[in-house]
Structures are given as structure tokens and as C-alpha cells.
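Please consult the sequence and the structure shown below.

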Amino acid sequence: MCVSGRSTIRVAVALLGVKDNNERRVCARMHGYGTYGGIRIVTAVRVRFAPSPTGHLHIGGARTAIYNWLFAQHEGGTFVLRIDDTDPERSTEEHTASILASLRWMGLDWDEGPEVGGAFGPYFQSGRLDSYTKAAEDLLAAGKAYRCYCTAEELERRREAALSEGRPPGYDRRCRRLSDRERAVNQDARRACTIRLAAPLTGETRFTDLVRGDLVFPNSVLDDYVLLRTDGTPTYNLASVVDDAAMRMTHIVRGDDHLSNTPRQIVLFEALGAMVPAFAHMPLTWGTDRKRLSKRHGATSVEAYRKMGYLPEAMLNYLTLLGWSLDDKTTFFTREELVRHFTLGRVSKNPGIFDPDKLEWMNGSYIRELDPADLAGRLVPFLEEAGLIDEDWCRHNRGWLHRLVPLVQERLKTLAEIVDLAGFFFAPTVTIDPEAATKALSIEEVPAILEAACEVVETAEPFETSTIEAGLRDLPPKLGVKPKVVFQAVRVALTGRLVSPPLFETIELLGRERTTTRLKAALEQLRTSR
RNA sequence: GGCGCAUUAGUCUAGCGGCCUAGGACAUCGCCCUCUCAAGGCGGGAGCACGGGUUCGAACCCCGUAUGCGCCA
């Protein structure tokens, strides 16, 4: 331990009781800090992401997790995952599992938390309830909290009265002024009560937000908020602060919807005699209508985007850039580059509107950059999901799949689009889209075109793109039609639609057999319908 | 109602007093390439919320106003 500068103390890791396998990293870099009795403490960075398992991991939550993770990685600190499941009504194990899966999918592994353990467990708040009760009781004993016997109805009535008289509607601290005798009477009668924090009445609470700068709040705006409800359950503020203190968090990186809550929590940290962490409030993520991102805006969970065929690296890149930038031009970052460059100081102060278009563009760009073999592997689950292939098929056709990739790679914006784009390869017969038939097959010369094309395919030798292309390119002048007419007619006959991968390569990949079969089938269909 | 935070094109952003006749990207529009669709290339339109100051000089500093959002209830 050494003292450096005015009222700044560097604290060795052991002093804080941190004994885990991060110790080596931790000792190497000491960037974190908090305040303890007004003294600035510098120690290893410890941050947490603390989702409530009431649904899938939300885009907004994912971004908060990413910023926490990047910050921890950049600083060589510890990233803790804590599940805030104090609401038994809405918390489920399925949601917890889904959140863990989404975090892992994006590569946001945690150093401590569910399934990996750590020195500060349990990492579920439902397993820590006793500590909240104890904290509340300690505060009670120290005179820093008090029992409040006001009922919900009384509070409601007084709030309305205050509002109609133009007074602030907060709790009037009535029970804080109870005499010892009154307290004893209520206690003996075992009247239901909440436990409220006895917040300071004067002075001010100040802190430095790592994103927004120095902030000062007069303590007069603080209220004596509830810590423990009548049923003994902790409020968000109590549980969160007690855990953050117990888990030795050095930085709280979270959404700025909590900004106004921060002075309230700082007062609690101080009342508990705990180190006050540093804070960094991230701007919120909005939907396109400038409202909180919700179901109305379409897919809002990471899970949904995974299913739609988005790549985790695109997701990470896009979400990080929604509220953070390195400079005026860099758009693409590998995970390592993000870790190397990420700092809270360059996080934007403005809320960001989630733009699915830009995500899609970025995803397409990442797909194009993928190693073809890698892309092939990533496409398999989507083809399987659509029922086009199965495991057995994969075992025998890996080579074919690798030949397909170059035809689709620069056309895919999401992995799931492979089904639409290349599904015709796998179907036994082609169903021709009526609109495509009208546009490409209704021309008088089409039967002749298809017959000629069939002959080209039957005789192309060797059977490969170049010979097929040469043969088909001979047809337009011979038949006296435009090239486009020939190619579109053949395309529709083979794929059923007006849009497909490049024609000649498609024919090669389809094979002589299936190509001629399809051309003949289309011819037959034309004859019967005329 | 109180307190707080924010405000660069439709969207994400660069900018931290002269490098800005404001840079990049998505989207959009036009052209080129072209067997369709993509991808790619070239080009266009579009922005400092408003009003006062400070300064030789303001997107940038200060003060108001407006708007949006958050928290408390």
C-alpha cells in the first residue's frame, strides 16, 4: 500500500479481500477507484452486469453488458454477472438461461457469476436475501434507518393533498419524528412497517460521472425511500447497493435512467460504511419513435437477432458503436480492437436510436468478410432449421456446400436468408412463382429457348460454368431474342423465381441431371397450360 | 409538480475557440458495371434547436427559451 497524491490511497488487492484467479491481472493494473470517507481509493476494476431474468436479453441490456465487459477487459479488471431475481413473480430459470446464452453468444464471458462461481457468491439475489435484511437491521440499529408505519392508503392520501396544495409529493418523514414511546407502542402492537433510510437533510451529494462529468445534488431533494417492504423484501436500491458493496464493485456502469437514483444510492453506500464506487451512466437506447425500445419496434432481444441470422461479431460491433466512437471514420472493429480502444470517456451523452437497417448492412458486410468454410458451417443450422437438409446430408455433401458459398456470400445480409436464396437447390421439384412465370415465361419464344437450353446443358463438355455459359450465350443471336430474355426464362424454370444466384454457376452446381429435368418440367407445364 | 440529463442531416457519429465554405457511415436519389439480385465504383440532396451574450473570431464558452427524455410520487 502506498499513498500517492493528495487524499488518494492505493490499496493492495488483499486488503479488499479479493482472492481469486484474477489477482495477477488485478495487480498489474490498478485503474479503478471509489471514495471511502471522502478519501479516494484506487484499486483493481470490478464491474458487474445485473439483469433481472424477466425476459430475454434486451438490445438495451446487451449494450450495457457490452460496455461493462469492454471496460473490464480494457482495464484488465473483473466482469461480474449477477442475476437480480428478487421479483419471484416475473423471474424464471428459462429467462436466466436465455440471458446467459445470449451473453455467451456475443462472447461476453464473465469472470464471476452463475455457472462459473467466484469469491463473492452467490450471484443470484434470491440467494442473498438474508444480507439485505441484515443490512436494514444494522442501519436501524445505527439510527441510519427507521421503521415507518404509514399505510399505503395514508401515503396516497397525503401525496394527493400535497400535490393539490402545490407542495412536493414526497414522503413527509412523519415516522422519522416518532418519539421512542410511539415507536415502542407500534413495535409492541406488531404493526406492519417498512424500513426507510434516514437520508441526510442538509448538505449535498456530489460525484463524478465518467461519462457526464461532475454532478452535484442537494441532499434536500433526497427522500427517505423504502429499503425493506412490509413483507420483508428488499427494494431495488437496497439489494443493489448491498450487493455492489459486498461484491466490491469499483464502477457502476449502467443506463442513465438510473442517474437520478445515484445520489440516493451514494447516501446508502455511505450509511453502510461501504466504499462508494465510481459511476458511469450510459445513454439509453430508443426505438425509431424516440421511445424506449419495445416490442412495437419489432425484434428487441439478442436471441431474436441470433435466430434471424445475425453474426455475434456484427452485433457486438454495431451495439458498441451505438453510443461510442473511436474517431471520425473507423466503423469496423474486431473484438480485440474494441477492447484495446474502448474508454468510457468516449461514450456519447445522447440516447441512440437503434437502427435495424444499419445493423443489417453491417451484418452483410461481416458475412462477406467471413472465410467461406466458416460461412458454410454457420449456414448449416439455418438450412437444417428449414428442413432442407439434415445431419446425414451434411456428412455426404460438405464439398457441395462449400461450392455453394461463393454464389451466395455477397448476397446474404443475414444467415437465414440462405433458405430463401438457395432453397430451390434442395427441393425435389420447383414451384414456379406465378408472377415470375408471367414476366419471364409468357413470351412466345420461351419453349424454343428452353429446348435449346436443355440441349446446351445435355451436351456441355466438360460440364462446368465456362462451357455452360458459352453454350447459353450462343442462344440469343440464334433465336433472335435479347440475352436477358433467355437467361430469365432459364432462371425461372430452374429456380422458380426472378432472383437467384448467378445462372451459369447455379446450373453447374445443380448438375446436368436436375437441370435438364427442371427445364423439361417447365416445358411440359407450358404446353399443358396453353 | 420538483430535480436532473440531453439537443450536429431521417439515423449513428467526428468536432472539445481559428484546421469547418462542418468530416465519416447507414438510409435515400442518380449514373456506371451487369444474366436477375447483390456486391462494387462514381456522384447528388440533406445538419450545428432558437434567442441573447463573451471574443478579433463560436458547432465548440456563459445565460435564457423551447423540445425530448429520465427519476421521485
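Q: Which strands and helices each supply at least two residues of the lining of the largest pocket?
A: This is a predicted model, in which local features need pLDDT of at least 70, side-chain atom pairs count only at pLDDT 80 or more, and totals for chains, interfaces and linings use all residues. Residues are numbered from 1 along each chain as its sequence is written, chains are lettered from A and ligands numbered from 1 in the order in which they are written, and side-chain values use heavy atoms, leaving out hydrogens and water. Helices (H or I, at least four residues) and strands (E, at least two) are DSSP runs numbered from the N terminus. Those that each supply at least two lining residues are strand E5 (46-49), helix H2 (59-75), helix H7 (236-246) and strand E12 (251-255).

Q: Which element gives the most to the lining of the largest pocket?
A: A pocket is an open set of points on a 1 Å grid over the protein atoms alone where a 1.4 Å probe fits, with protein on both sides within 12 Å along at least five of seven lines, and lining residues have an atom within 4 Å of a point. The largest pocket holds about 1300 Å³ of space, and among its 45 lining residues the closest to its centre are Pro51, Ser52, His58, Gly61 and Arg292. With five residues, the element that gives the most is H2.

Q: How is helix H13 oriented relative to helix H15?
A: The axes, lines fitted to C-alpha atoms over the stretch in contact, have angles that run from 0 to 180 degrees between N-to-C directions. Those of H13 (residues 372-385) and H15 (residues 417-426) come within 11 Å and cross at roughly 75°. Angles of 65 to 115 degrees count as roughly perpendicular. Therefore H13 is, relative to H15, roughly perpendicular.

Q: What is the bridge partner of Tyr146 in E8?
A: Two strands pair if DSSP finds at least two bridges between them. E7 and strand E8 (residues 194-197) run antiparallel and are joined by four bridges. In E8, the partner of Tyr146 is Arg196.

Q: What is the omega of the peptide bond from Glu461 to Pro462?
A: Most peptide bonds are trans. Pro462 lies in the loop between helix H17 (446-459) and helix H18 (465-479). The bond from Glu461 to Pro462 is cis, with omega near -10°.

How values were computed
Angles under 35 degrees count as roughly parallel, over 145 as roughly antiparallel, 65 to 115 as roughly perpendicular and the rest as oblique. Grid points are joined across faces, edges and corners, and a volume is the space filled by probe spheres set on the points.
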